Amino acid sequence: MKAQRWLAAALLPLVWLLASPAQAQAATAKATFAGGCFWCVEADFDKVPGVVSTTSGYIGGTVANPTYQQVSGKSTGHAEAVEIVFDPAKVSYEALVEKFWRTIDPTTKDRQFCDAGSPYRTAIFTHDASQMAVAKKSLAALEKSKPFKEPIVTEIVPAGPFYAAEDYHQDYYLKNPIRYKYYRTSCGRDARLEQLWGKR
């Protein structure tokens with residue numbers, strides 16, 4: 001009996017170590033948004049308290065492991081998107097969806113600001129029925145309250161395979177702050193967002 005108790009006590013730290021990653025994983029959730037240039041979407045959501053990580057990548061297409069050249073060539077059907085890992089105890093999915101709306105122009109099809117083509121379409125890619133319901137409810141509320149006249153064309157669709165973009169795209173705004181700021185300003189992103197949503 002003593003030997004069994006000693007063995008159980010000795011194994012307890014190992015069990016705790018093995019369980020911890022799964023517990024940590026269970027404490028987070030994913031959200032995936034396409035909002036034009038993924039550099040900008042990543043930069044916007046990295047600022048949100050409760051967001052654990054952001055990954056730029058490609059989703060919604062028909063080719064496995066696409067390259068940036070393939071996606072930008074508009075032949076794979078993918079959209080540039082960002083996969084967000086977040087802590088639901090600190091930020092809700094509802095709050096992330098609300099944030100998303102105000103970081104995009106939801107009135108333009110297959111375009112965001114200076115970037116044109118299907119890879120730059122806006123979309124909410126949902127990971128389960130609960131996210132789908134939240135996104136559709138948010139869209140319905142926005143349709144009633146939107147401060148602009150144009151119709152909303154942003155898609156709400158189930159998420160398919162997500163492929164991380166090349167390393168040089170990850171955290172681009174941090175690695176290349178001058179180039180990023182020039183791109184964002186010259187593309188007219190923030191000017192158009194203020195026109196649509198005001199200075200909120």
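Buried here means under 20% relative accessible area, exposed over 50%, and partly exposed in between, with a 1.4 Å probe and protein chains only. Helices (H or I, at least four residues) and strands (E, at least two) are DSSP runs, numbered from the N terminus. The model is predicted: local features need pLDDT of at least 70 and side-chain atom pairs count only at pLDDT 80 or more, while totals for chains, interfaces and linings use all residues. Residues are numbered from 1 along each chain as its sequence is written, and side-chain values use heavy atoms, with hydrogens and water left out.

The buried positions are Phe38, Trp39, Cys40, Val41, Glu42, Ala43, Asp44 and Phe45.

A nonpolar core is a set of buried Ala, Val, Leu, Ile, Met, Phe, Trp, Tyr and Cys residues joined through side-chain atoms within 4.5 Å. The largest such core has 42 residues, and those with the most contacts inside it are Phe33, Phe45, Ile84, Tyr93, Leu96, Trp101 and Ile124. Helix 2 (residues 38–46) supplies the largest share of this core, six residues. Apart from it lies another core, of seven residues, including Ala34, Ala81, Ala123 and Phe162.

Contact is taken as heavy atoms within 4.5 Å. Not counting residues up to four places away in sequence, isoleucine 124 touches Thr32, Phe33, Tyr93, Val97, Phe100, Trp101, Ala135, Thr154, Glu155, Ile156 and Val157.

Threonine 54, in strand 2, is buried at a relative accessible area of 11%. Its side chain makes a polar contact with the side chain of aspartate 46 (2.7 Å). A polar contact is a pair of N or O atoms within 3.5 Å; within protein, one must be able to donate a hydrogen and the other to accept it, and residues adjacent in sequence count only if both atoms are side-chain atoms. Leaving aside neighbours within four places in sequence, threonine 54 is in contact with Glu42, Phe45, Asp46, Val82, Glu83 and Ile84.

## Cysteines and the disulfide

A search of the whole structure finds one disulfide, defined as a pair of cysteine sulfur atoms within 2.5 Å. The bond joins cysteine 114 and cysteine 187, whose sulfur atoms are 1.9 Å apart. With -105° about the S-S bond, the link of cysteine 114 and cysteine 187 is left-handed. Cysteine 114 lies in the loop between strand 4 (111–112) and strand 5 (115–116), and cysteine 187 in the loop between helix 7 (177–186) and helix 8 (189–197), so the pair ties together parts that are 73 residues apart in sequence.

The sulfur of cysteine 37 is 4.2 Å from the closest cysteine sulfur, in cysteine 40, which is too far for a bond. Cysteine 40 is likewise in no disulfide.

| Residue | Relative accessible area | Class |
|---|---|---|
| Cysteine 37 | 5% | buried |
| Cysteine 40 | 1% | buried |
| Cysteine 114 | 40% | partly exposed |
| Cysteine 187 | 10% | buried |

## Aspartate 115

Aspartate 115 lies in strand 5. The residue is buried yet has no salt bridge, and the nearest side chain of opposite charge, arginine 189, is 6.0 Å away. A salt bridge requires a side-chain nitrogen of Lys or Arg within 4 Å of a carboxyl oxygen of Asp or Glu; for charge, Lys and Arg count as positive and Asp and Glu as negative, whereas His and the chain ends are not counted. The side chain of aspartate 115 makes a polar contact with that of tyrosine 183 (2.4 Å). Residues up to four places away in sequence not counted, aspartate 115 touches Cys37, Tyr120, Tyr183 and Cys187.

## Loop residues

Most residues other than glycine have a negative phi. Phenylalanine 113 has a positive phi, near 60°; it lies in the loop between strand 4 and strand 5 and is buried at 11% relative accessibility. Lysine 74 also has a positive phi, near 65°. Lysine 74 is found in the loop between helix 3 and strand 3 (79–86) and is partly exposed at 46%.

Valine 63 is placed in the loop between strand 2 (51–59) and helix 3 (68–72) and is partly exposed, with a relative accessible area of 29%. Valine 63 and serine 75 are twelve residues apart in sequence and 9.1 Å apart in space, C-alpha to C-alpha. Beyond four places in sequence, valine 63 touches Thr76, His78 and Tyr163.
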